[in-house]
Amino acid sequence: MAQDLSEKELLKMEVEQLKKEVNNPRELISKTGKEIKNFVEAQAANDPLLKGIPEDKNPFKEKGGCVIN
């Protein structure tokens, strides 16, 4: 897609994107990093990747074996 646009059109798109980004509220990483860490730690008990999925609720559990005679 970008190959089909002229340099002027690409620069215009970049300026428009920068105009959108300048209005985004910014926070210090020292503050948001702590908030993210606290959130992740609070949600860890409910995370199936950390604690696993109970066998009875696992949709990917094999329902039966393969028998070859």
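Biologist: What pattern does the protein follow, read along the sequence?

Modeller: The pattern is α-α-α. Helices are DSSP runs of H or I with at least four residues, strands are E runs of at least two, and both are numbered from the N terminus. Here there are three helices and zero strands. Note that this is a predicted model: local features need pLDDT of at least 70, side-chain atom pairs count only at pLDDT 80 or more, and totals for chains, interfaces and linings use all residues. Residues are numbered from 1 along each chain as its sequence is written, and side-chain values use heavy atoms, without hydrogens and water.

Biologist: Which residues form a nonpolar patch on the surface?

Modeller: Patch members have over 30% relative accessible area and no salt bridge; nonpolar side chains (Val, Leu, Ile, Met, Phe, Trp, Tyr) are joined within 5 Å, like charges within 9 Å. A salt bridge puts a side-chain nitrogen of Lys or Arg within 4 Å of a carboxyl oxygen of Asp or Glu. In this model, I36, F39 and V40 form the patch, with about 320 Å² of accessible area together. Areas come from the Shrake-Rupley method with a 1.4 Å probe; for residues, only the protein chains shown count as cover.

Biologist: Where does V40 lie?

Modeller: In helix 2, residues 29-43.

Biologist: Why does V40 count as partly exposed?

Modeller: Buried means under 20% relative accessible area, exposed over 50%, partly exposed in between (1.4 Å probe, protein chains only). V40 has 49% relative accessibility, so it counts as partly exposed.

Biologist: How many of the residues count as buried?

Modeller: Of the 69 residues, 1%. The C-alpha trace spans about 70 × 45 × 15 Å along its principal axes.
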